[in-house]
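Visitor: I'd like to learn how to read a protein model. Could you walk me through this one?

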Amino acid sequence: MEVDLNKIFNVSERYIENLSPLEQAVWWTQHRIFGSELTISHWTDEKVAPEFGRGDGSGYEILQQAAEYSLGARGVSVEIGVREGCGSKIMIEQFKKSEFPKLHIGIDPYGSIPYLYKDTEHVLNAYPNEMRDVAIPELYKLCAGSNVDFMFFQMTDEQFFKRFADGIPIYMNNTEYIINEYGCVYFDGPHTTKTTLNETKFFAPRASLNAMFIYDDVEEYYDHDVIESYLLDEDGTWAQIIRTNVKAVYHKIKVK
Ligand SMILES: C[S@@+](CC[C@H](N)C(=O)[O-])C[C@H]1O[C@@H](n2cnc3c(N)ncnc32)[C@H](O)[C@@H]1O
């Protein structure tokens, strides 16, 4: 039997008895995952053919400047949520100006898994593996032969934190290095307060002096004040550089 997902997702709990038993089962499965106060959407605009380097937001000049300022910081740079590679492309282009070798990593599960788009809205079928197939090879190519190395981790932020809390192994000059220090992090994966705070709590203690943290979609998606308070309450460790209605940037000015 065909299940009309749109019909199911748009029904509130009060009216689920109007659904067939199968539809009710699907409704309960979804709402157990997401919590019943949420809106569940489907995106169709993500179905256009992926294109390398195409962005989905604004304020990219802020990301560019922050990445450039982070050239003075030691450690790995990160984009959480790579999509079509726009953010990483901009960051890598800045890191190419460094006189030292740099490592930039991308963390993104793709796989069309449910996307935490806002605190109050989650999206199904959002970012497919076809997007990965277009963006990720281009990011490797962009770095080939330069001072910047790229590494892609196809996994969620949480999986990354579980597996690499003690550092990332990298291989160069006939040697294995374990690096657990970060110089620039662009937070643009799941957009809920809980996930963004969790990401901040992972990277903040591992950030080096002069590290830059850049957050996207700081208005309307999640409560960015929670993240800002966490950083700025840290005993003068972080300074805010800018906060617009799209992006916010913080600079690590002290290490404990
Ligand atoms: C808003 S888009 C990123 C846009 C991109 N940073 C840019 O500048 O063009 C969100 C990305 O986060 C990824 N994502 C979803 N859940 C994630 C998770 N738990 N951890 C890391 N990335 C996630 C999605 O696959 C998607 O590519």
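Predicted model: local features only at pLDDT ≥ 70, side-chain atom pairs only at ≥ 80, totals over all residues.

Visitor: Which residues touch the most other members of the largest nonpolar core?

Guide: In soluble globular proteins, nonpolar side chains tend to be buried together. Here the largest nonpolar core has 48 residues, and V78, M91, I92, Y186, F213 and I214 touch the most other members. Such a core is a set of buried Ala, Val, Leu, Ile, Met, Phe, Trp, Tyr and Cys residues joined through C-beta atoms within 7 Å. Buried means that 20 or more other C-beta atoms lie within 10 Å of a residue's own, exposed means 12 or fewer, and partly exposed is in between, with C-beta atoms placed from the backbone.

Visitor: What share of the protein chain counts as buried?

Guide: 33% of its 256 residues do. The chain has eight helices and 12 strands; these are DSSP runs numbered from the N terminus, helices being H or I of at least four residues and strands E of at least two. As for contacts between residues at least 6 apart in sequence, 73% join residues at least 24 apart.

Visitor: Which way do the residues of strand 2 point?

Guide: In a regular strand the side chains alternate between the two faces of the sheet. V76, V78 and I80 point one way from strand 2, while S77 and E79 point the other way, and all are buried.

Visitor: In what sense does strand 2 pair with strand 9, and in what sense with strand 3?

Guide: Strands of a sheet pair through backbone hydrogen bonds, either parallel or antiparallel. To count as a pair, two strands need at least two bridges found by DSSP. Strand 2 runs parallel to strand 9, with five bridges, and V78 has V185 as its bridge partner there. Strand 2 is also parallel to strand 3, over four bridges, with I80 opposite I107.

Visitor: Is helix 4 mostly covered or mostly open?

Guide: Mostly covered: nine of its 10 residues are buried. The buried residues of helix 4 pack against several elements, including helix 3 (60–69), strand 2 and helix 5 (129–143).

Visitor: And which residues of helix 7 are buried?

Guide: An α-helix has 3.6 residues a turn, so residues three or four places apart point the same way. In helix 7 (residues 193–203), the buried ones are T196, E199 and T200. They sit on the same side of helix 7 because they cover an arc of only 100° around the axis, taken from the directions from the helix axis to the C-beta atoms. What covers them includes strand 2, helix 6 (157–164), strand 9 and helix 8 (224–232).

Visitor: Which residues come nearest to the ligand?

Guide: G81, G87, Y127, T156 and G189, out of the 21 residues around the ligand. A residue is near if its C-beta atom, placed from the backbone, lies within 6 Å. Strand 2 (76–80) and helix 4 (86–95) are the elements that give two or more residues to this shell.

Visitor: How do strand 11 and strand 12 pair?

Guide: Strand 11 (residues 238–243) and strand 12 (residues 248–252) are antiparallel over five bridges, and they form a hairpin with four residues between them. I242 is in strand 11 and stands opposite V249 in strand 12. I242 counts as partly exposed because 14 other C-beta atoms lie within 10 Å. Leaving out residues up to four places away in sequence, I242 touches I62, A248 and V249. I242 and I62 are 180 residues apart in sequence, yet 8.6 Å apart in space, C-alpha to C-alpha.

Visitor: Where is S112 found, and what is its phi?

Guide: Most residues other than glycine have a negative phi, and most peptide bonds are trans. S112 has a positive phi of about 60° although it is not a glycine, and it is found in the loop between strand 3 and strand 4. N125 has a positive phi too, near 55°, and its place is in the loop between strand 5 and helix 5.

Notes
Residues numbered from 1 in each chain as written. Contact = placed C-beta atoms within 7 Å.
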